[in-house]
Amino acid sequence: MSAIRKVAFIGLGNMGAPMAENLIKAGHQVRVFDLVEAAMHTLEQAGAQRAATAGEAARGVDVVISMLPAGAHVRSLYLGDDGAPGLLDSLDAKPLLIDASTIAPDDARTVAEAAAERGLDYLDAPVSGGVGGARAGTLTFIVGGSAEAYAQARPLLEAMGKNVFHAGDSGAGQVAKLCNNMLLGILMSGTAEALALGVSNGLDPAVLSEIMKQSSGGNWALNVYNPWPGVMEQAPASNDYQGGFLVDLMGKDLGLATTLALESRAAIPMGAQARNLFALHAARGNGRLDFSSIQRFYRPGEQDA
Ligand code: NAD
């Protein structure tokens with residue numbers, strides 16, 4: 001086990017709460033803060049100390065971890081807004097800063113630079129693996145920042161995840177995460193499209209899935225996350241697309257990937273198609289369903305949510 005660390009954990013939502021719990025289970029001393037009272041109460045019962053503000057949570061700790069919805073929240077936490085100082089200007093020590101939220105690489109670099117100006121290390125460390133991975137402690141962390149800060153963070157990240165990668169300098173974790181999720185969006189919609197074509201032409205979706213799995217079209221969606229209801233018992237498709245990874249979150253990540261592509265003048269014709277497909281699917285009222293519900297888009301007669 002890694003050395004016991006004093007950790008401030010900010011943002012106790014679907015992902016942050018189970019991640020913080022895993023740190024407590026690993027023996028670390030965790031002080032928590034969230035805007036939602038109930039979230040802090042649950043963590044207090046699990047053995048965390050609660051704080052009245054993010055600044056109070058971070059007082060005297062070795063490491064600050066944040067897990068917030070989007071870039072605006074991360075900028076506001078660390079840099080402040082509306083004249084209120086951010087965490088960077090209210091720390092009494094020099095903890096390692098780790099942000100595990102999925103945000104634009106530019107936002108991550110902005111915070112990292114501001115941190116460096118104050119002699120602080122900041123890592124972007126977005127995760128893959130969803131709420132199930134957060135609970136089971138099997139997340140994949142994709143880290144951007146200096147090699148020294150990465151080496152320092154690694155034991156702590158291993159208390160919450162199974163795979164930890166160093167993608168490169170600041171922002172690289174976010175870039176790699178967005179590349180992965182863009183590919184996931186493309187693969188899931190492509191898989192749904194192929195299944196619908198086969199079924200429209202008389203094939204059994206389970207038989208077709210097995211054939212493609214063992215052939216050159218094989219991919220992660222077919223292996224563990226089949227989008228056709230009833231083919232895979234444990235998949236969200238077999239539970240009315242409840243649970244899993246929300247269409248709205250896939251839409252967020254594809255939006256970030258699109259912005260990244262525009263800024264870097266990279267062509268992403270497939271990613272752009274996937275982005276539009278998921279945006280349309282969300283606009284039809286499916287935003288809170290699992291993202292494999294994109295299958296419904298291709299099934300004649302299937303109702304939207
Ligand atoms: P969530 O909305 O469930 O949780 C976010 C939490 O942050 C909420 O509890 C909210 O009250 C809190 N918060 C917001 N602003 C705050 C502030 N200023 N100070 C303190 N707390 C604040 O979101 P989530 O599903 O836990 O996702 C968190 C991040 O992880 C997002 O960036 C998301 O894209 C990413 N992510 C999510 C999943 C998933 O499956 N849910 C998977 C991978 C990555």
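This is a predicted model: local features need pLDDT of at least 70, side-chain atom pairs count only at pLDDT 80 or more; totals for chains, interfaces and linings use all residues.
Student: Which residues come nearest to the ligand?

Tutor: Asn 14, Met 15, Asp 34, Pro 69 and Lys 252 come nearest, out of 23 residues around the ligand.

Student: How much of the ligand does the protein bury?

Tutor: The ligand taken alone exposes 840 Å², and the protein buries 85% of that.

Student: How does the shell divide into nonpolar, polar and charged?

Tutor: There are 13 nonpolar, 7 polar and 3 charged residues in the shell around the ligand.

Student: Which domains does the shell draw on?

Tutor: Domain 1 (6-168) and domain 2 (175-298) each give at least three residues to the shell.

Student: Changing topic. Where does Gln 295 lie?

Tutor: Gln 295 is in the segment that follows helix H12 (269-286).

Student: Why does Gln 295 count as buried?

Tutor: Gln 295 counts as buried because its relative accessibility is 0%, and the cut-off for buried is under 20%.

Student: What does the side chain of Gln 295 reach?

Tutor: The Gln 295 side chain reaches the backbone oxygen of Ala 192, at 3.0 Å.

Student: Which residues is Gln 295 in contact with, leaving aside neighbours within four places in sequence?

Tutor: Ala 192 is on that list too, along with Leu 195, Ala 196, Pro 227, Trp 228 and Tyr 241.

Student: Now Leu 157. Which helix is that in?

Tutor: Leu 157 belongs to helix H7, residues 147-157.

Student: Is Leu 157 buried or exposed?

Tutor: Leu 157 is buried, since its relative accessible area is 1%.

Student: What does Leu 157 touch?

Tutor: Not counting residues up to four places away in sequence, Leu 157 touches Ile 98, Phe 141, Val 143 and Val 164.

Student: What separates the C-alpha atoms of Leu 157 and Leu 277?

Tutor: Those C-alpha atoms are separated by 34 Å, and Leu 157 and Leu 277 are 120 residues apart along the chain.

Key. Residues are numbered from 1 along each chain as its sequence is written. Side-chain values use heavy atoms; hydrogens and water are left out. Helices (H or I, at least four residues) and strands (E, at least two) are DSSP runs, numbered from the N terminus. Buried means under 20% relative accessible area, exposed over 50%, partly exposed in between (1.4 Å probe, protein chains only). A polar contact is a pair of N or O atoms within 3.5 Å; within protein, one must be able to donate a hydrogen and the other to accept it, and residues adjacent in sequence count only if both atoms are side-chain atoms. Contact means heavy atoms within 4.5 Å. A residue is near a molecule or strand if one of its heavy atoms lies within 4 Å of it. Accessible areas come from the Shrake-Rupley method with a 1.4 Å probe; for residues, only the protein chains shown count as cover. Ala, Val, Leu, Ile, Met, Phe, Trp, Tyr, Cys and Pro count as nonpolar, Asp, Glu, Lys and Arg as charged, and the others, Gly among them, as polar. Domain bounds come from an automatic or database domain assignment.
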